[in-house]
Amino acid sequence: MFKIPGKTGTIENVEFPTFDPSKPEQVRAVADQSVEQSKEVFSKLSSDAETTQKAFESTFEMAKTTSNEMLLKTIAALQANAEAGFTHLEALVATKSPSEFLELQTAFLRKQIEKSTEQAKAIQALMLKAAEDVSKPIKNAFEKALKVRKAA
């Protein structure tokens, strides 16, 4: 263990080679060792960056797919509501009495409230699933990094 003067932390597993600068073979060996260590660190950083990039790409692709699903579900709900509204309007035009008009209107409103509740629940469920799916690649990459970090 190596203590840094004036610091409270410590650095563990650090080796500082001793060499005589007047001996070129020792300088070369230390330089070669430093180059090898630098290559290893660069390789690890490069691998980690690639893993992170793949996780982000996967997340963005999942977000795109999920937003398309949400959009299609919303459009389908709006279309169903519009068709129900037009059908109801045709029925209202054909009524013969005010009591029939009120009865149709009451039944329509009740049905629309039930339908809107079902649509809202379906969209909410889709949004929850989307949130889980979109965060999954980043979560997996983070967990993998933690496991590697703990193993090291």
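Visitor: Which element of the chain has the lowest mean pLDDT, and which the highest?

Guide: Good place to start, since this is a predicted model. Strand 1 (residues 2-3) has the lowest mean pLDDT, 46, while helix 2 (residues 98-151) has the highest, 87. Across the chain the average is 82, and 86% of the residues score at least 70.

Visitor: What makes the nonpolar surface patch?

Guide: Three residues make it: Phe56, Phe60 and Ile138. The patch covers about 300 Å². Let's look at Phe56, which lies in helix 1 (residues 24-93).

Visitor: Why is Phe56 called partly exposed?

Guide: Its relative accessible area is 40%. Buried would need a value under 20% and exposed a value over 50%. Phe56, at 40%, falls in between, so it counts as partly exposed.

Visitor: And why is Phe60 called exposed?

Guide: Phe60 has a relative accessible area of 58%. The cut-off for exposed is over 50%, so Phe60 passes it.

Visitor: How many aromatic pairs does a search of the whole structure find?

Guide: The search finds one aromatic pair. Its rings belong to Phe56 and Phe60.

Visitor: Why is that pair called stacked?

Guide: Two values are needed, because a pair of aromatic rings is described by the distance of the centres and the angle of the planes. Here the centres are 6.3 Å apart, and pairing requires them to lie within 6.5 Å, so Phe56 and Phe60 pair. The planes stand at 25°, and under 30 degrees counts as stacked, so this pair is stacked.

Visitor: Why are Phe56 and Phe60 separated by about one helical turn?

Guide: Because they are four residues apart in helix 1.

Technical notes. Residues are numbered from 1 along each chain as its sequence is written. This is a predicted model: local features need pLDDT of at least 70, side-chain atom pairs count only at pLDDT 80 or more; totals for chains, interfaces and linings use all residues. Side-chain values use heavy atoms; hydrogens and water are left out. Patches are made of residues with over 30% relative accessible area and no salt bridge: like charges are joined within 9 Å, nonpolar side chains (Val, Leu, Ile, Met, Phe, Trp, Tyr) within 5 Å. Accessible areas come from the Shrake-Rupley method with a 1.4 Å probe; for residues, only the protein chains shown count as cover. A salt bridge is a side-chain nitrogen of Lys or Arg within 4 Å of a carboxyl oxygen of Asp or Glu. Helices (H or I, at least four residues) and strands (E, at least two) are DSSP runs, numbered from the N terminus. Buried means under 20% relative accessible area, exposed over 50%, partly exposed in between (1.4 Å probe, protein chains only). Rings of Phe, Tyr and Trp (its six-membered ring) pair if their centres lie within 6.5 Å; planes under 30 degrees apart count as stacked, over 60 as edge-to-face and the rest as tilted. pLDDT is the predictor's confidence in each residue, from 0 to 100.
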